[in-house]
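Thanks for coming. Please have the model open while I talk.

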Amino acid sequence: MGLFSKKPPCPICGGKIPLILPSKIEGEYICNDCYNKIDMDADKESNLTMQGFRGYLAFYNQNQILKDRFVVSERIDFGLWDTKIIFDYQNKLFCMSKNPDKTVFEGSQLKSFTIREDSTPLFEGSAAGIRRYTSTVTERAMAMAPQIAQIAANKRMARTLDRLDDGKVNNSAPVQYFDIPEPFQAFHVELHFDHPYWTVLKCDMDGPRFNNTLPDVNNYLRSYQQSIEEIEKLVAALRTVAFPGMAEQSVGPGMMGMGALHTNMAPPTDAIEEIKKYKTLMEDGVISQQEFEAKKKQLLGI
């Protein structure tokens with residue numbers, strides 16, 4: 001039978017099978033309307049049988065009740081072309097889409113979640129509690145300030161040399177670009193489920209980037225703070241629908257798991273210099289006064 005030969009109707013709904021690249025389950029052609037309803041783990045989809053597909057469609061129809069009930073309380077946007085997540089706080093529901101047009105999850109189906117900066121843990125949540133791990137991104141970004149200042153100085157020198165001949169900008173001096181990697185590349189979110197069709201959902205959000213011609217640490221940290229605020233919104237939303245009443249606890253950097261809580265530490269020898277740096281960040285509007293005071297207490301060990 002040729003590629004474009006007439007095919008029997010869909011065994012599920014009796015609908016028309018497309019002539020070009022029709023979908024199959026166990027060798028049987030399925031119409032697009034039925035096949036496009038599939039929203040499940042890739043490994044489950046690849047092993048789907050016709051009997052299993054009929055069972056999934058029963059689940060799909062039941063899930064439609066949750067979609068019809070869904071009232072958006074919060075939207076989390078991971079970027080223009082990236083993942084959108086919506087939450088219904090009243091009914092304890094959420095959906096990985098800008099509209100409830102995909103699988104709607106009940107908060108009770110979420111077993112746990114993790115959020116990382118590259119491979120470094122930032123948040124971890126489950127019925128046992130919400131843990132926030134200390135990030136070192138701010139410190140690592142600030143440590144790059146001397147390199148960035150040197151690049152800026154080199155650019156000023158290049159502009160000066162460019163004008164030496166006739167006082168005009170001739171673009172004869174080589175342009176230096178900033179190509180040092182950022183402190184991290186992306187936030188990685190993993191949601192783990194107790195669900196018949198989903199085990200884990202993963203989504204990413206790019207971290208901030210330096211301008212490669214005019215890099216600026218303060219601009220980078222402002223962008224980072226905006227990203228953190230969106231991540232914090234996500235954590236608060238997941239807590240509301242899945243783990244209500246669970247308090248957030250601060251944990252030392254990089255200590256993934258149920259490790260000891262971060263407690264007051266002896267101040268480092270350069271605590272005063274660190275405090276000055278954070279005060280500058282506060283004055284530049286990168287962090288709030290409350291965040292500055294909290295960091296100062298931590299550095300002083302009080």
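A salt bridge, as I use the term, is a side-chain nitrogen of Lys or Arg within 4 Å of a carboxyl oxygen of Asp or Glu. Side chains of opposite charge can pair when their charged atoms come close. Searching the whole structure gives seven salt bridges.

Before I go through some of them, a word on the source. This is a predicted model, in which local features need pLDDT of at least 70 and side-chain atom pairs count only at pLDDT 80 or more, while totals for chains, interfaces and linings use all residues. Residues are numbered from 1 along each chain as its sequence is written, and side-chain values use heavy atoms, with hydrogens and water left out.

I also need names for the pieces. Helices (H or I, at least four residues) and strands (E, at least two) are DSSP runs, numbered from the N terminus.

Now, which residue forms a salt bridge with K233? The partner is E74, with 3.8 Å between the closest N and O atoms. K233 sits in helix α6 and E74 in strand β3 (residues 74-77), so this pair ties together parts that are 159 residues apart in sequence. For exposure, buried means under 20% relative accessible area, exposed means over 50%, and partly exposed is in between (1.4 Å probe, protein chains only). K233 is partly exposed at 30%, and E74 is partly exposed at 22%.

Next, K202 forms a salt bridge with E190, and their closest N and O atoms are 4.0 Å apart. K202 is in strand β11 and E190 in strand β10, twelve residues apart. K202 is exposed, with a relative accessible area of 59%.

In another pair, E248 bridges to R239, with the closest N and O atoms 3.5 Å apart. Is R239 buried or exposed? R239 is buried, at 19% relative accessible area, whereas E248 is partly exposed at 38%. Salt bridges with shared partners also join E74, E230 and K233 into one network.

On to the sheet. Two strands pair if DSSP finds at least two bridges between them. Six strands make an open sheet in the order β11-β10-β7-β8-β9-β12, and the pairing is mixed. β11 (200-206) and β12 (248-251) are at the edges with a single partner strand each, so one side of each has no neighbour in the sheet. Inside the sheet, β7 (residues 110-117) and β8 (residues 120-126) pair in the antiparallel sense over six bridges. E117 is opposite T120 in β8.

Now the core. A nonpolar core is a set of buried Ala, Val, Leu, Ile, Met, Phe, Trp, Tyr and Cys residues joined through side-chain atoms within 4.5 Å. The largest one has 62 residues, and F113 and L191 touch the most other members. Helix α6 (residues 217-242) supplies the largest share, twelve residues. There is also a second, separate core of six residues, including L66 and F70.

Last, the cysteines. A disulfide is a covalent bond between the sulfur atoms of two cysteines. Here it is counted as a pair of cysteine sulfur atoms within 2.5 Å. How many disulfides does that rule give? The count is zero. C13 is in no disulfide, and its nearest cysteine sulfur, that of C31, is 3.5 Å away. C13 is partly exposed at 48% relative accessible area, while C31 is buried at 3%.
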